[in-house]
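Welcome! Keep the model open while you work through these exercises, and try each task before reading its solution.

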Amino acid sequence: MSRKFFVGGNWKMNGDKKSLGELIQTLNAGKVDPNVEVVCGAPSIYLDFARSKLDGKFGVAAQNCYKVAKGAFTGEISPAMIKDCGVNWVILGHSERRHVFGESDELIGQKTAHALENGLGVIACIGEKLDEREGGITEKVVFAQTKVIADNVKDWSKVVLAYEPVWAIGTGKTASPQQAQEVHEKLRAWLKTNVSEAVANSVRIIYGGSVTGGTCKELASQKDVDGFLVGGASLKPEFIDIINAKA
């Protein structure tokens, strides 16, 4: 079965109304492949702004959310609040949340369950650090992270799995197309064994880690690479080239 190519832009903690407004104008005016699902991850304070300005053909994602609907959790946002801004996606488990802010696999699993229960699509991130890759435990790490996510998913049609080797994020190092394909293929096999063949065939596994206009075409040509989660390049006009990697 064919999986719809998916390109997420993670703006991280960047931009202001002026610069993001200009970026949005560029995206709205750009010629983008209609066969690609595009979702832009805006800082929470700009979710409303991004959703109101971006053309309807683009989705918007929050970059994080909490595991409950409301309460005394200063500084957090809930899936219900995200939905209230007209936003339908959330990025969870990003390596920066795991390694800068200390989020555990368990917490990411709980957040995933709550976000899905409240009707958000989840871009669930997994990936190994450099010492883990060099130690030969890439599979062990990404399978363990995937298992905690899988244990909290009832409807896989709302989940995109983002494989992001931590050593390739913001470093300028990109996993080679072969390295990306190898992990994606193994993840699909894990899903087939541990979830179901139907889910393994249908779930989109996207690659993140220093994806640029220059690296995207070869990565996109790999059999099990169903799109990208793009960091720095998603703030530049070349994001349109990345969206059109398969065109």
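Asn64 sits in the loop that links β3 (58–62) to α3. This is a predicted model, where local features need pLDDT of at least 70, side-chain atom pairs count only at pLDDT 80 or more, and totals for chains, interfaces and linings use all residues. Residues are numbered from 1 along each chain as its sequence is written, and side-chain values use heavy atoms, leaving out hydrogens and water.

**Exercise 1.** Decide whether Asn64 is buried or exposed, and find which side chains make polar contacts with the side chain of Asn64.

*Solution.* 
- Step 1: The relative accessible area of Asn64 is 13%, so Asn64 is buried (under 20%; exposed is over 50%, partly exposed in between, with a 1.4 Å probe and protein chains only).
- Step 2: Look for polar contacts (N or O atoms within 3.5 Å, one able to donate a hydrogen and the other to accept it; residues adjacent in sequence count only if both atoms are side-chain atoms). The side chain of Asn64 has one with Glu103 at 3.5 Å and one with Lys111 at 3.0 Å.

**Exercise 2.** Check the span of helix α5 (residues 105–117).

*Solution.* 
- Step 1: Helices are DSSP runs of H or I with at least four residues, strands are E runs of at least two, and both are numbered from the N terminus.
- Step 2: The expected span is 1.5 Å times one less than the number of residues, so the 13 residues of α5 should span 18 Å.
- Step 3: The end C-alpha atoms of α5 are 18 Å apart, which agrees.
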